[in-house]
Amino acid sequence: MHERERAARVHVADSQAGLVVPEVRAAAVIADVGSGAGLPGLVLAAELPATRVVCVESARSKTEWIATTAERCGLANAEAVWARAEEWRDGLGACDVVTARAVAALAVLCEYAAPLLREGGALVCWKGAVEAAEDADGRAAAAQLGLSAPEVLAVKPYAGSARRTLWVFRRESAAPARFPRRAGMAAKRPLRADGSRPNPPPPAVPSDPG
């Protein structure tokens with residue numbers, strides 16, 4: 001199998017893994033935050049033709065790519081929104097499910113998702129290995145944001161899925177009125193288990209062009 005074909009199959013299989021979550025299968029509206037190349041959003045739109053899937057992406061070029069791909073694939077139920085999750089006002093309290101694949105740490109994802117979820121809605125995070133600190137911060141953030149403790153689900157085996165899990169947080173109450181915070185704050189100053197603020201990130205190091 002060619003590398004491109006293998007990668008496509010793995011990405012599609014990984015996106016389809018979300019169908020194990022009952023809320024995903026039953027959702028009327030799914031928001032895929034930080035959608036990137038439209039995964040898992042476009043795959044879920046194909047699998048769930050009666051579900052409106054909104055791919056929320058902050059990079060304009062990626063948003064345009066998602067919209068073009070959805071049109072070419074005939075996915076009338078999929079749409080692309082150029083916005084940061086924290087600034088997508090049309091999504092507040094409007095989503096049955098928020099999905100996030102390879103986007104950010106659990107605490108950040110909980111903060112992105114909680115204001116978007118309807119009562120009884122669910123956040124589904126595609127994660128590989130999760131360190132203890134990220135797990136603790138995610139649980140603490142969820143408690144502050146009106147979300148449940150996570151249910152951690154293994155996915156149906158496929159090539160490359162050995163370390164893959166789905167972390168499912170369910171909305172138990174409305175997020176406090178101070179959320180969403182202004183754009184960028186969830187990542188710059190994430191909610192933490194110990195209540196402290198993290199040290200500022202080090203300056204970016206230019207990549208080696210070679």
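The paragraphs below go through a predicted protein model, from its overall layout to its cores and a few backbone details. Residues are numbered from 1 along each chain as its sequence is written, and side-chain values rest on heavy atoms, with hydrogens and water left out. In this predicted model, local features need pLDDT of at least 70 and side-chain atom pairs count only at pLDDT 80 or more, while totals for chains, interfaces and linings use all residues.

The protein contains 7 helices and 7 strands; these are DSSP runs, helices being H or I of at least four residues and strands E of at least two, numbered from the N terminus. Their order from the N terminus is α-α-β-α-β-α-β-β-α-β-α-β-β-α. Of the 210 residues, 46% are buried, where buried means under 20% relative accessible area, exposed over 50%, and partly exposed in between (1.4 Å probe, protein chains only). Among contacts with a separation of 6 or more, 69% join residues 24 or more positions apart; a contact means heavy atoms within 4.5 Å.

Thr63, Ile66, Thr69 and Ala70 are buried in α4. They lie on the same side of α4, because they cover an arc of only 130° around the axis, the arc being that of the directions from the helix axis to the C-beta atoms. An α-helix has 3.6 residues a turn, so residues three or four places apart point the same way. Ser61, Glu71 and Arg72 are exposed on the other side of α4. The cover over its buried residues includes α3 (41-47), β2 (52-57) and β3 (78-82). Just after α4, Gly74 has a positive phi of about 70°.

The largest nonpolar core has 33 residues. Such a core is a set of buried Ala, Val, Leu, Ile, Met, Phe, Trp, Tyr and Cys residues joined through side-chain atoms within 4.5 Å. Those with the most contacts inside the largest core are Trp88, Val98, Cys110, Leu123, Leu145, Leu147 and Phe169. Elements giving two or more residues to this core include β1 (29-33), β4 (95-101) and β5 (117-127). Helix α5 gives the most, with 7 residues. Apart from this core lies another, of 25 residues, among them Ala70, Ala122, Leu153 and Val168.

Glu111 is found in helix α5 and is buried, at a relative accessible area of 4%. Beyond its neighbours within four places in sequence, Glu111 is in contact with Leu145, Phe179, Arg181, Ala186 and Leu191.

Some backbone details remain. Most residues other than glycine have a negative phi, and most peptide bonds are trans. The bond from Leu39 to Pro40 is cis, with omega near 5°, and Pro40 is in the loop between β1 and α3. Phe179 and Pro180 are also joined by a cis peptide bond, with omega about 0°. Ala102 has a positive phi, near 55°, and sits in the loop between β4 and α5. At 69% relative accessibility, Ala102 counts as exposed.
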